[in-house]
Amino acid sequence: MIRKELGLGLLLVVIAAITGAINPAFLSLVNLLNMANLIGLFGVFALGEGLVIITGGIDLSLGSMFALLGVVFVDLLTTYEVPWPLALLAVLLGGLVLGGIQGFLITRLKMQPFIVTLCGLLIYRGAARYYTSDSTRGFGYGDEAATLSSIASGNLAGIPNTFILLIVLALILGVLLHRSVYGRWLYAVGKNEEAARFSGINTNIVIATAYIISGGLAGVSTVLFVFYTNSVSPSSFGNFYELYAIAAAVLGGCSLRGGEGSILGIVLGTALLQVLQNLVNILGIPNSLNFAVMGTVILIGVLADQQLQARRRRKLALAGVARTAPKSTLVQGQQGASPRGADALPARTGDQA
């Protein structure tokens, strides 16, 4: 994984240098801080998506989850005038519950993650549109949750709080994934779920907790995006954001087959994705092609992963042939020995058999 991360970091630097050479405004402080804010916004829920992908699953419901949790959050603050700490807690618990439901359906009822999360995508979006009668929810001109708004959209020493939050969460999840038993269980389940189960790992709990963590991070991202846009349109809020998360995870080295990936790689993948988006804007490519660029990035990432997997299998096969070569030579030598020499050896029961 270290090679992947180094290569991804080098690619990020090269693309940033090329973009800065095309348009020096790319390297301006204002643009860099804006990109840092976007990296923080998209990176938080990309971390959760990455954990799910490492288990060999996928979560297609993130964008619709944002819409449902977003309209509920705004309504709690404006319509019901709930104190913002309670509203924040409700949204975070809502994300955990939705993730837990999906994890239950996948592990206990043995449903495919693709089907479960695809249904979640449709159900959450439909519920959000029905709840609001397909109307936009916003804060208006009030000062609802001014403290939380300043935290979510503010900065510390000029650095956006969203980027700082991403770094903190990345450090926590990095320790969880790379320095804990649970992290090793995640990789084991992603590599071979059946083998992990036979080795004594409770695979159902491991997979379900990955979806719960993803749902909780989706709740955090919902709050950040609500204060970033100051309004929630249930038909478009968070639309296709799951694609950003999948693309960031794939670019960061997470294999869609499961069992591979790192937190640093996901953060670098998110940063690379935002740099590419900025490059698209600088080159004057229409915004309508953003999704085409996203699909191309995912396709290239999957193709690269397939090539790396094939190369690794060839290396393992060659290594196996090299290990068995001396034994084959010895067998050939014994077959070419004279019968008289063989008869001169002392007879044993195993030889007679």
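**Group meeting: salt bridges and a helix pair**

Okay, so this structure holds four salt bridges, meaning a side-chain nitrogen of Lys or Arg within 4 Å of a carboxyl oxygen of Asp or Glu. It's a predicted model, where local features need pLDDT of at least 70, side-chain atom pairs count only at pLDDT 80 or more, and totals for chains, interfaces and linings use all residues. Residues are numbered from 1 along each chain as its sequence is written, and side-chain values use heavy atoms, leaving out hydrogens and water.

Helices (H or I, at least four residues) and strands (E, at least two) are DSSP runs, numbered from the N terminus.

Now, the helix pair. The axes of helix 4 (residues 84–107) and helix 5 (residues 113–131) come within 9 Å and cross at roughly 145°; axes are lines fitted to C-alpha atoms over the stretch in contact, with angles from 0 to 180 degrees between N-to-C directions. Helix 4 brings L98, Q102, L105 and I106 to the contact, and helix 5 brings P113, V116, T117, G120 and Y124, contact being heavy atoms within 4.5 Å.

And the loop between those two helices? L109 lies there.
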